[in-house]
Amino acid sequence: MKDRIIIDFSDCLYPDSLHNEIKDKLELPDWYGKNLDALWDSLTGIIETPVEIKIIFKPKTKAAKKAKPYISQIVSVFKDAEKEYGEIKLLIDMD
């Protein structure tokens, strides 16, 4: 299995910054669409698998805490991909 990839959303404030973190850590192409559908497509067809992905969200500010609903949607996409394809092992560390 490939080394663990750690995606830390703790300092992200906006959807664009969340998707930039995903794009950088998963080494996605420049044309990554920065939305939930593009995330699904990337997890199920672009990233190298098998892979272990750890998602961290420990917000330090009120502004960062406001991102939690969208981060929950992102985590759901990761969980669905883990369940459907079995090539992704997901670890979640969220407040």
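View 1. Asp16 is partly exposed, with a relative accessible area of 44%; here buried means under 20% relative accessible area, exposed over 50%, and partly exposed in between, using a 1.4 Å probe and protein chains only. The model you are looking at is predicted, so local features need pLDDT of at least 70 and side-chain atom pairs count only at pLDDT 80 or more, while totals for chains, interfaces and linings use all residues. Residues are numbered from 1 along each chain as its sequence is written, and side-chain values use heavy atoms, with hydrogens and water left out. The side chains of Asp16 and Lys34 meet in a salt bridge at 3.6 Å, N to O; the term stands for a side-chain nitrogen of Lys or Arg within 4 Å of a carboxyl oxygen of Asp or Glu. Lys34 lies in the loop between H1 and H2 and Asp16 in helix H1, so the pair ties together parts that are 18 residues apart in sequence. Lys34 has 31% relative accessibility and counts as partly exposed.

View 2. Helices (H or I, at least four residues) and strands (E, at least two) are DSSP runs, numbered from the N terminus. Helix H1 covers residues 15–26, and its 12 residues should span 16 Å at 1.5 Å a residue, which agrees with end C-alpha atoms 16 Å apart; the expected span is 1.5 Å times one less than the number of residues. Its buried residues are Leu18, His19, Glu21, Ile22, Lys23 and Leu26. They pack against strand S1 (5–8), helix H2 (36–45), strand S2 (51–57) and helix H4 (68–85). After H1 comes Glu27, with a positive phi near 55°.

View 3. Lys25 and Glu21 pair up, their closest N and O atoms being 2.9 Å apart. Both lie in H1, 4 residues apart, about one turn of the helix. Lys25 is partly exposed at 35% relative accessibility, whereas Glu21 is buried at 16%.

**View 4. Val75 in helix H4.** You can find Val75 in helix H4, where it counts as buried at 6% relative accessibility. Leaving aside neighbours within four places in sequence, Val75 is in contact with Ile55, Leu90, Ile92 and Met94; contact means heavy atoms within 4.5 Å.

**View 5. Asp95 with Lys58.** This salt bridge has its closest N and O atoms 3.2 Å apart. The pair links distant parts of the chain, 37 residues apart: Asp95 in the segment after strand S3 (88–94) and Lys58 in the loop between S2 and helix H3 (62–65).
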